[in-house]
Amino acid sequence: MEELLSLKDLLVKGDVQGALLIVEELTQMSRNDIINTIRSYAVILLLHLIKQQAENRTTRSWEVSIRNSVREIQRENKHCKAGGYYLTLEELLEILAEAYLNAIDEASFEVEEGRYEAQELEKLVNREEIINRALGLIFSGESN
């Protein structure tokens with residue numbers, strides 16, 4: 001809110017350069033919020049994909065969480081009015097790679113009732129396969 005008031009003051013004063021700096025800052029803040037939200041859903045998505053691969057099974061609950069996470073990532077990444085997407089394929093891949101670390105930690109508590117430490121679990125699953133599956137789900141819209 002403070003930034004908006006500053007922006008208004010600068011525009012009233014005719015300081016276009018100062019106003020543009022604040023607009024750039026607001027744009028970056030908005031983009032960071034989108035990235036953080038996508039990362040949070042990516043952790044949930046990856047968590048369930050890890051569990052599926054590690055346990056070689058699935059549940060309706062996991063499937064629903066996967067579908068919901070995919071939908072939310074797609075919704076957050078889509079420009080409302082301009083069309084297109086906020087994040088490129090490469091940026092989404094980077095976010096998934098970052099989120100994977102948190103997901104493997106979370107999954108270590110859940111796979112086979114916490115039987116594995118994160119490092120052990122990482123050796124049981126194929127990181128690249130899981131990230132690529134997540135990316136495929138996000139871009140295809142299919143989550144089954």
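Q: Which helix does Ala134 lie in?
A: Ala134 is part of helix 6. Bear in mind that this is a predicted model.

Q: Is Ala134 buried or exposed?
A: Buried, because its relative accessibility is 0%, and the cut-off for buried is under 20%.

Q: What does Ala134 touch?
A: Leaving out residues up to four places away in sequence, Ala134 touches Leu45, Leu46, Leu49 and Leu96.

Q: How far apart are Ala134 and Leu46?
A: In sequence, 88 residues; in space, 6.8 Å from C-alpha to C-alpha.

Q: And what else does Leu46 touch?
A: Besides Ala134, Leu46 touches Leu96, Ala99, Tyr100, Ala103, Ile130 and Ile131, again not counting residues up to four places away in sequence.

Q: OK, the largest nonpolar core. Which residues touch the most other members?
A: Leu45, Leu46, Ile50, Leu96 and Tyr100, out of 33 residues in that core. Helix 2 (16-55), helix 3 (60-77), helix 4 (89-110), helix 5 (118-124) and helix 6 (127-140) each supply at least two of its residues.

Q: Which helix gives the largest share?
A: Helix 2, with ten residues of this core.

Q: Switching to packing. At what angle do helix 2 and helix 4 pack?
A: About 50°, and their axes are 7 Å apart. The two helices are therefore oblique to each other, and their crossing is right-handed.

Q: What kinds of residues make up that contact of helix 2 with helix 4?
A: There are 15 nonpolar residues, eight charged and one polar.

Key:
Residues numbered from 1 in each chain as written. Predicted model: local features only at pLDDT ≥ 70, side-chain atom pairs only at ≥ 80, totals over all residues. Heavy atoms only, no water. Core = buried A, V, L, I, M, F, W, Y, C linked by side-chain atoms within 4.5 Å. Buried < 20%, exposed > 50% of the residue type's maximum accessible area, 1.4 Å probe, protein only. Helix = DSSP H or I, 4+ residues; strand = E, 2+ residues; numbered from the N terminus. Contact = heavy atoms within 4.5 Å. Axes fitted to C-alpha atoms, helices over the stretch in contact; angles between N-to-C directions. Parallel < 35°, antiparallel > 145°, perpendicular 65-115°, else oblique. Left-handed = near helix turned anticlockwise from the far one by under 90°. Nonpolar A, V, L, I, M, F, W, Y, C, P; charged D, E, K, R; others polar.
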